[in-house]
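Subject: Handover of a structure

Dear colleague,

Please find below the structure that I am handing over to you.

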Amino acid sequence: MSVRLYRIDDRLIHGQVVVGWGQPLDIEFIVLVDDNVASSDWEQDLYRMGIPPEMEILFADVASAARDHERYVCDSRPGIVVTGDIATMDRLVCATGTIASVNVGGLHYRAGRSQKSRYVFLTPGEERELRNLASRGVKVTAQDVPAARQVPIEEVLGDAPPDRPGA
């Protein structure tokens with residue numbers, strides 16, 4: 001399998017992805033899946049500046065990433081697929097039906113999110129999205145860097161809140 005990591009990271013392309021994961025996994029390409037970035041030339045130019053010349057970056061919206069997923073998987077070069085949020089990764093997982101594991105690498109503080117780990121902050125809706133992803137058989141773990149322990153998402157989230165009618 002050529003895609004070595006499916007990562008959710010709200011910073012998308014940064015040192016932790018390019019160097020932290022890229023070097024130990026010998027990554028030669030990154031697929032950045034984001035509907036907005038895929039249609040924005042200036043944002044793509046910004047992300048290209050964070051990639052070394054020997055590494056290729058591809059930009060895709062969810063539909064084109066799903067269509068081209070088999071090509072990424074069959075590529076002889078090792079790669080990473082990264083999304084900036086859980087919903088985008090969930091859409092990609094559903095569209096491909098073949099993604100078996102997802103790494104939650106960094107979802108940082110913003111209004112409405114509560115801290116679940118040093119680098120994972122989630123809204124109640126995002127917690128539900130991760131639980132739903134895991135309930136469909138996808139192995140979901142949190143791990144910011146390769147040297148850190150893979151933490152099962154159930155351990156990160158703790159006990160599920162009781163079901164609320166209409167929630």
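This is a predicted model: local features need pLDDT of at least 70, side-chain atom pairs count only at pLDDT 80 or more; totals for chains, interfaces and linings use all residues.

Residues are numbered from 1 along each chain as its sequence is written, and side-chain values use heavy atoms, with hydrogens and water left out.

The whole chain

The chain has seven helices and nine strands; helices (H or I, at least four residues) and strands (E, at least two) are DSSP runs, numbered from the N terminus. Its radius of gyration is 16 Å, close to the 15 Å that the globule rule gives for 167 residues, so the chain is as compact as a globular protein of that length. That radius is taken over C-alpha atoms, and the rule is 2.2 Å times the number of residues to the power 0.38. Along the principal axes, the C-alpha atoms fill a box of roughly 50 × 30 × 30 Å. Of the 167 residues, 47% count as buried (under 20% relative accessible area, with exposed over 50% and partly exposed in between; 1.4 Å probe, protein chains only). Among contacts (heavy atoms within 4.5 Å) between residues at least 6 apart in sequence, 66% join residues at least 24 apart.

The sheet

Seven strands form an open sheet with mixed pairing, in the order β3-β2-β4-β1-β5-β8-β9. β3 and β9 stand at the edges, each with a single partner strand, so one side of each lacks a neighbour in the sheet. Two strands pair if DSSP finds at least two bridges between them. β2 and β4 (residues 79–83) run parallel and are joined by five bridges, with valine 33 opposite threonine 83 in β4. β5 (residues 101–106) and β8 (residues 139–142) are also parallel, over four bridges; here valine 104 has alanine 142 of β8 as its bridge partner.

The cores

A nonpolar core is a set of buried Ala, Val, Leu, Ile, Met, Phe, Trp, Tyr and Cys residues joined through side-chain atoms within 4.5 Å. The largest has 33 residues, and those with the most contacts inside it are Val31, Tyr72, Val102, Val104, Leu130, Val140 and Ile153. α5 gives the largest share of this core, four residues. Apart from it lies another core of 16 residues, among them Leu12, Val18, Val37 and Val82.

Helix α4 (residues 62–74) has 13 residues and reaches 18 Å from its first C-alpha to its last, close to the 18 Å expected at 1.5 Å a residue; the expected span is 1.5 Å times one less than the number of residues. Its buried residues are Val62, Ser64, Ala65, Asp68, His69 and Tyr72, and what covers them includes β1 (3–9), β3 (56–60) and α5 (86–96).

Valine 156 lies in helix α7 (residues 153–157) and counts as buried at 10% relative accessibility. Leaving out residues up to four places away in sequence, valine 156 touches Lys116, Val120, Ala142 and Val151. The C-alpha atoms of valine 156 and serine 117 are separated by 6.7 Å, although the two are 39 residues apart along the chain.

Yours sincerely
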